[in-house]
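Try each task on your own, then follow the solution step by step.

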Amino acid sequence: MAREPDPPTQLRELAARLAGSKELPRAVLIRGNENYFRSRALDLVVARAKELGHEICRHDADSPDFAPQGLVGDLCSPGLFAAARLVVLESPEKVAKKDSMILRGITSFLGKSDSPGGLVLVADTLRADSVLAKAVTAAGGISLACRKLWESPPPWDTSQDPRKSELVQWLVGRARERSIKLDANGALVLVAASGNDLGALDSQLDRIAGGGGAKLFELVASDAAGSPFKVADDLARGDAPNAIFGITTLYQNGVREDDGTRKLDRPALFAMMAPALKRSLRQALAGSLALEQSKSPAEAAAAAGVIPQEAAQRAFHAALAARPAKEQRAMLEDVTRLERLQRSGGEVDENELVLFALRWRAKARAR
């Protein structure tokens, strides 16, 4: 199966297709957990619809003013102010349930290829094999997967140079688009300051653009929120520098919530990362035991119960390569010890976790 293009590539392909067409695609499905890419994809379609003179009808299933009858009416009736209409529905996965009026209205609209207009579905959690996604495909529509960019270099890169990560490479390309001089080293500094928040990284570029020649370090604002799950991944693969940086960021800036706000609850941070870390270590231990039985890496991943998703597979193989089975088991026991400490009233603070990261850093191995 061909590998899916990254989100920036999909956006460029969408822009090229819209620019060269005299009518909108019948349907565009924009799904994924990266709001930055979802917003830009939607902006591209809406801008083209306005250029073609379409009436724009917006509906958001998360809004308290959402009216199902209004949405179905927009789908089933001709435009009031223009010959064609673009209907936008955000969060369709929350209302287009099986046998619902909304799902029937959407599938009916998609089946009428002879009527003008288009439909855009903007979803966060919609699956690629859902009824809506299949209906978009059947109608000849476009589907974009707007996932988060990878923060680590690809597993086949033996150098594991962080400058080769998708996130850093995207930021270098974004700076080039804005005619801002930024190399991979500078981009790595900005990523360290803002994390995997593309909007915040764009704001960092704003500071550089208006910096009047000031040095990069004088312009960067450290606004990154931490991710306990990324810290757990870094700990599992023995990446002490990134783990320690992530731990410090968590205990200083807190965790970024889904709505963009931050939450800083220091006593709860270890409780948040421990289950993810234990799961990664258990999978790595199971994978190590499978390899000892002459299983292939793919068979080891299956034996460990790792889901067939690229991010999960990457994290599993990195943790698997970090240490042998004996050390995986000992590290798992160490995590359990910290959990007992916390449950008995002790404190698992930033210092304790930094020592843990140093204790279980991956040892360099001869090639």
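## Exercises with worked solutions

**Exercise 1.** Find the loop that holds Ser91, and decide whether Ser91 is buried or exposed.

*Solution.* Keep in mind throughout that this is a predicted model. Begin with the place: Ser91 sits in the loop that runs between strand E3 (85-90) and helix H4 (101-111). Next, look at the backbone: Ser91 is not a glycine, yet its phi is positive, about 60°. That deserves a second look, because most residues other than glycine have a negative phi. Last, take the accessible area: Ser91 has a relative value of 11%. Buried means under 20%, so Ser91 is buried.

**Exercise 2.** Work out how H6 and H7 are arranged, then how H7 and helix H8 (residues 198-209) are arranged.

*Solution.* Take H6 and H7 to begin with. Their axes come within 9 Å and cross at roughly 115°. Angles of 65 to 115 degrees count as roughly perpendicular, so H6 is roughly perpendicular to H7. The crossing in which H6 passes H7 is right-handed.

Now move on to H7 and H8. Here the axes come within 10 Å, with a crossing angle of roughly 125°. H7 and H8 are therefore oblique to each other. H7 passes H8 in a right-handed crossing.

**Exercise 3.** Describe the second largest pocket: how much space lies in it, and which element gives the largest share of its lining?

*Solution.* Start with the volume: about 450 Å³ of space lies in this pocket. Then turn to the lining, which is made up of 17 residues. Pro8, Arg12, Phe37, Trp170 and Glu177 are the ones nearest the centre of the pocket. Helix H1 (7-19), helix H2 (35-51) and H6 each supply at least two lining residues. The largest share, six residues, comes from H6. By class, the lining has eight nonpolar, three polar and six charged residues.

**Exercise 4.** How many cavities of 30 Å³ or more does a search of the whole structure find, and which residues line the largest cavity?

*Solution.* The search finds one such cavity. The volume of the largest cavity is about 30 Å³. Its lining residues include Asp234, Leu235, Ala243, Met331, Phe356 and Trp360. Helix H10 (228-236), helix H11 (240-253) and helix H16 (350-359) are the elements that give two or more residues to this lining. Sorting the lining by class gives seven nonpolar, one polar and three charged residues.

Key
Residues numbered from 1 in each chain as written. Predicted model: local features only at pLDDT ≥ 70, side-chain atom pairs only at ≥ 80, totals over all residues. Heavy atoms only, no water. 1 Å grid on protein atoms, 1.4 Å probe; cavity = no way out; pocket = protein on both sides within 12 Å on 5 of 7 lines; lining within 4 Å. Points joined across faces, edges and corners; volume = space filled by probe spheres on them. Helix = DSSP H or I, 4+ residues; strand = E, 2+ residues; numbered from the N terminus. Nonpolar A, V, L, I, M, F, W, Y, C, P; charged D, E, K, R; others polar. Buried < 20%, exposed > 50% of the residue type's maximum accessible area, 1.4 Å probe, protein only. Axes fitted to C-alpha atoms, helices over the stretch in contact; angles between N-to-C directions. Parallel < 35°, antiparallel > 145°, perpendicular 65-115°, else oblique. Left-handed = near helix turned anticlockwise from the far one by under 90°.
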